[in-house]
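Q: I have a structure to study and would like to go through it step by step. Could we begin with a term that will be needed for the ligand?

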Amino acid sequence: MQSLADLEAQAGAAKAAFGAAAHILCDNLVRIYKTEGVEVVALQGLDLLIDKGELIAIVGASGSGKSTLLNVLSGLDVPTAGLARVAGMDLLSMTARDRLRFRRSVVGFIWQQTARNLLPYLTAQENVLLPMRLAANKAHRARAAELLDLLGVADCAGRRPGEMSGGQQQRVAIAVALANSPEVILADEPTGELDSDTSEDVFGALRRANRELGVTTVIVTHDPMVADQVDRTIGIRDGRTSSETLRRTSEDGGVIAEEYAVLDRAGRLQLPRDFMSALEMERRVRLELERDHIGVWPANQGDEQ
Ligand SMILES: Nc1ncnc2c1ncn2[C@@H]1O[C@H](COP(=O)(O)OP(=O)(O)OP(=O)(O)O)[C@@H](O)[C@H]1O
């Protein structure tokens, strides 16, 4: 029989192990906004693990908490409770100085509004040089040129944002986000203002940056096409991760997408709304453990109270 000390040691080890190797970790993340005495729980115990070098999409209905999550991960906003760690840095206990360093060199950010990403009076090259801060030396100029080339906008180097298309501006914005060699790129609806062809270019540029530079990339999107092209899509509902779609290539070269519900460490999972309404499930369900699955049934009429 195990002693209490053994059990405590085991529990401690399991806790340390959760997400220990993850590049991005959220554990039971909570963000409550208080406005005029009303509390809005935007994140309600969200768990998330992302490995180094992954390219993932986050999808979810409007108001599900996607932007709140991205603001936390980028160090712009501080969560109310829980644990959030990016590239080994704890986002709840960072000093102001660490936060600044984190925002300057650990994460790169791309906003939906093309105009918010670039300074209008600077050329593409000058925009990319800006985060590097020091007077542009030769190495910096070479890096700016390399990044613009990698993202397919080398020909825009000397143009100002007003002289570029929306898609070109977003690709330059990716170069700006990559300028200081961040470990993580966060993009909030980067193709939200673009048509589908241009979106594909921008998304291709993000994929290339992910593949060639190994930078962990998280894209919040409504765009179903974007969600089709990543290894993993994480669905958020009511401030929690609710589903994951994993894509893999089959032996014959086809792409197989499999959707899973997310089971948290407390054993909670969210049933898809359409499944629940199809069987009129509300409040209570019956569960039965079978040899290789768990059955879920609507409560019998007599069970309702
Ligand atoms: N600064 C704020 N003050 C008060 N409530 C907020 C604030 N920001 C977000 N919320 C609320 O938190 C919830 C989650 O919002 P969030 O913007 O994260 O959702 P979203 O999934 O990004 O939505 P969208 O797709 O529309 O951008 C919503 O109910 C929203 O009204």
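A: A residue is near a molecule or strand if its C-beta atom, placed from the backbone, lies within 6 Å of it. Please note that this is a predicted model, in which local features need pLDDT of at least 70, side-chain atom pairs count only at pLDDT 80 or more, and totals for chains, interfaces and linings use all residues. Residues are numbered from 1 along each chain as its sequence is written.

Q: Which residues surround the ligand, then?
A: The ligand has around it Tyr33, Thr35, Val40, Ala42, Gly60, Ser62, Gly63, Ser64, Gly65, Lys66, Ser67 and Thr68. Two or more residues of this shell are given by each of the elements β1, β2 and α2 (66-73). Helices (H or I, at least four residues) and strands (E, at least two) are DSSP runs, numbered from the N terminus.

Q: Which element gives the largest share of the shell?
A: That is α2, with three residues.

Q: And how many of the shell residues are nonpolar, polar or charged?
A: Three are nonpolar, eight are polar and one is charged. Here Ala, Val, Leu, Ile, Met, Phe, Trp, Tyr, Cys and Pro count as nonpolar, Asp, Glu, Lys and Arg as charged, and the others, Gly among them, as polar.

Q: Let us step back. How many helices and strands does the protein chain have?
A: The protein chain has 10 helices and 13 strands. Its C-alpha atoms fill a box of roughly 75 × 55 × 45 Å along the principal axes.

Q: What share of the residues is buried?
A: Of the 305 residues in the protein chain, 33% are buried. A residue is buried if 20 or more other C-beta atoms lie within 10 Å of its own, exposed if 12 or fewer, and partly exposed in between, with C-beta atoms placed from the backbone.

Q: In what order do the strands of the open sheet come?
A: The seven strands of this open sheet follow the order β6-β7-β8-β3-β9-β10-β11, and their pairing is mixed. Two strands pair if DSSP finds at least two bridges between them.

Q: Which strands stand at the edges?
A: The edge strands are β6 (107-110) and β11 (255-261); each has a single partner strand, so one side of each is left without a neighbour in the sheet. From one strand to the next, the twist averages 20°.

Q: What does β6 pair with?
A: Strand β6 pairs with β7 (residues 184-188) in the parallel sense, over four bridges. Within this pairing, isoleucine 110 has alanine 187 of β7 as its bridge partner.

Q: How does β7 pair with β8?
A: The two strands pair in the parallel sense over five bridges. Leucine 186 has valine 218 in β8 as its bridge partner. The chain goes from β7 through α8 to β8, a right-handed β-α-β crossover; the term applies if, with the strands pointing away from the viewer, the path from the first strand over the helix to the second runs clockwise.

Q: Where does α8 lie?
A: Helix α8 (residues 196-213) lies across β3 (55-59), β7 and β8 (216-220), and runs at about 155° to β8. Axes are lines fitted to C-alpha atoms, for helices over the stretch in contact, and angles run from 0 to 180 degrees between N-to-C directions. Two residues are in contact if their C-beta atoms, placed from the backbone, lie within 7 Å.

Q: Why is β8 called largely enclosed?
A: Five of the five residues of β8 are buried, so the strand is largely enclosed by the rest of the structure. Thr216, Val218 and Val220 point one way, while Thr217 and Ile219 point the other way. In a regular strand the side chains alternate between the two faces of the sheet.

Q: And what about β3: which residues lie on each side?
A: Leu55, Ala57 and Val59 are on one side, Ile56 and Ile58 are on the other, and all are buried. Strand β3 pairs with β8 in the parallel sense over four bridges, and alanine 57 has isoleucine 219 as its bridge partner there. Strand β3 also pairs with β9 in the parallel sense over four bridges, where alanine 57 stands opposite threonine 233.

Q: A last topic: is glutamate 36 buried or exposed?
A: Glutamate 36 counts as exposed, because it has 4 C-beta neighbours inside 10 Å. This residue sits in the loop between β1 (24-35) and β2 (38-50), and has a positive phi of about 45° although it is not a glycine.
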